[in-house]
Amino acid sequence: MKNSVENVSRRAVLAGAGLLLGAGCLGAERTPGTSDTDWRMYGRDPGRTRFVPNASLPRDGVDIAWERSVSASGWYPPVVANETVYCQYSNGLFVLDAATGEGTRASTYGPFGRDILPMAFASTELYRDGVLVVPYDTVIGGYAAGRDGWPDSVSGIGQERTRWWLDGDSTSTSRLPPRASAGEWLGSPLVVDGTLVSLHPRSATLSASDSDDGSNRWRFNLETVAADGYVASPVGHVIDTTTGTVVVKLRTRREEAAVVVPLLVGISSENGSLEWQTTTDEVSSGDTKPGVEPADSLTTRDGTVYTIDWNTSTRALRLCELDAATGELGWTKSLDRTEHIGVAVDEARLYHVGLIDREEVPETFRIVALDRDSGSRRWAVTIDDAPLDPRLPYGAPPTVADEHLLVPGKRGLHALDRGTGETLWTFTEMVPTSGGGSVERSGMTPAVVTDDRIVIGTTLALYGLE
């Protein structure tokens, strides 16, 4: 497949535009409008910075503003748009008012919302309510998003609420056949100004599509960037809005060999042209550590990209800085960690959360703040806690909001002062066990911050904290 810029016909959607106009559903601009309180995609923004500068959070502890209990967890990360929380779990989808927690729990019977990557939300011109983007690995569905329109139950794939389907190669108003692949959460869809930028691992394709109808704007075949004799497999992507660059992280390996090369490529978000490609190191996949770290290991802000992988010789984590416009490597920093959990970035610092092994407390959080300009350490702390399971997809990465660094763990949610690393508070609630005792509710999703609310999925409960 050639890399191309292509406009797919919109006839299937526009044929009904007259009906939409008559019903008052067609807006003059993309709606709902974006807000500082939105968290519309995995990582919050196109750079996956997980940074909320205008939040208002307490320094002396939080109270429960609202709580929704469930009988099974299996949470996916919440998204927030137009003051509405969308959060999928094992048996349903919550569509709630972010301030009060009031709203619908749509019980699901069938494949809707199961075995997916994190959702996203996009504004639209054709519909006032926007579109809820649900990625079933390679195939992505666009659903009517209005808060008041969700039924009490959704059967099958939720076909009655779908507006379009896409798979990186084609678009349809009918359901496209699912295609098996093993997509990473770092490859979940991103949204910029009505354009949906998505990875499709099975076809090794990056595509840009219109959020109104899923029609293709451009596509890029990632197999074309692999060196001769190598096979490319996409891991994840971010968008640097300062330079207009989509940065894609790939594993490339020699055919029939265990040698893995982490490769980063920069692609124009405007037209899908290749701008640069950079190889950071050649590593062996090994038996105990992946050479290329897939989980929440890529972020970008203000023209600078940060990527995290494993160093072959030392088996330490290696953080690398790159120029988003050119791919030129900057500083590197090694961290002695047993596991990588995630990163977040604000105006001045890069925050990394990983695990270390201590004799008395194995798998303990080790958190470090690095200077963005030099990679030098600002502070580092250890917390006697760990994720519920760092090897699961929801080994939740950190969030930076207001003066806080928020870190979910087995004991709940930890809040640190982002300037010093000092622990401000820990939110812990207990849940009864079948044996008559109780255990702490573990933080199972990233802490999604919207205005003065923290939305987090925990063991058998979704919370709004204030």
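Start by selecting three strands: β14 (190-192), β18 (230-240) and β23 (298-301). Each of them supplies at least two residues to the lining of the largest pocket. Keep in mind that this is a predicted model.

**Stop 1: the largest pocket**

Now find the middle of that pocket. Select Met41, Arg44, Asp45, Pro46 and Thr241, which lie nearest its centre. The lining has 29 residues in total. Colour the lining by class: eight residues are nonpolar, 11 are polar and 10 are charged. The space inside comes to about 690 Å³.

**Stop 2: the cavities**

Next, turn to the cavities. How many of 30 Å³ or more does a search of the whole structure find? There are two.

Take the largest cavity to begin with. Select Leu117, Gly183, Glu184, Gly187, Leu199, Pro201, Pro234 and Val235, the residues that line it. Five of the lining residues are nonpolar, two are polar and one is charged. The largest cavity holds about 50 Å³ of space.

Move on to the second largest cavity. Its volume is about 30 Å³. Select Leu166, Gly168, Asp169, Ser170, Thr171, Ser209, Gly214, Asn216 and Arg219 to see its lining. Here the classes run to one nonpolar, six polar and two charged residues.

**Stop 3: proline 135**

Select proline 135, in strand β9 (residues 131-136). Is proline 135 buried or exposed? Its relative accessible area is 1%, so proline 135 is buried, the cut-off for that being under 20%.

Show its neighbours next. Leaving aside residues up to four places away in sequence, proline 135 touches Ile116, Leu117, Pro118, Met119, Ile140 and Pro189. Leu117 also belongs to the lining of the largest cavity.

Proline 135 and tryptophan 165 are 30 residues apart in sequence. From C-alpha to C-alpha, the two are 9.7 Å apart in space.

**Stop 4: threonine 84**

Finish in strand β5 (residues 84-89), where threonine 84 is placed. Why does threonine 84 count as buried? Its relative accessibility is 3%, and buried means under 20%.

Which residues does threonine 84 touch, not counting those up to four places away in sequence? Select Val79, Val95, Leu96 and Arg147. Now zoom in on arginine 147. A polar contact of 2.9 Å joins its side chain to that of threonine 84.

Key: Residues are numbered from 1 along each chain as its sequence is written. This is a predicted model: local features need pLDDT of at least 70, side-chain atom pairs count only at pLDDT 80 or more; totals for chains, interfaces and linings use all residues. Side-chain values use heavy atoms; hydrogens and water are left out. Helices (H or I, at least four residues) and strands (E, at least two) are DSSP runs, numbered from the N terminus. Buried means under 20% relative accessible area, exposed over 50%, partly exposed in between (1.4 Å probe, protein chains only). A polar contact is a pair of N or O atoms within 3.5 Å; within protein, one must be able to donate a hydrogen and the other to accept it, and residues adjacent in sequence count only if both atoms are side-chain atoms. Contact means heavy atoms within 4.5 Å. On a 1 Å grid over the protein atoms alone, a cavity is a set of points where a 1.4 Å probe fits but cannot get out, and a pocket is an open set with protein on both sides within 12 Å along at least five of seven lines; lining residues have an atom within 4 Å of a point. Grid points are joined across faces, edges and corners, and a volume is the space filled by probe spheres set on the points. Ala, Val, Leu, Ile, Met, Phe, Trp, Tyr, Cys and Pro count as nonpolar, Asp, Glu, Lys and Arg as charged, and the others, Gly among them, as polar.
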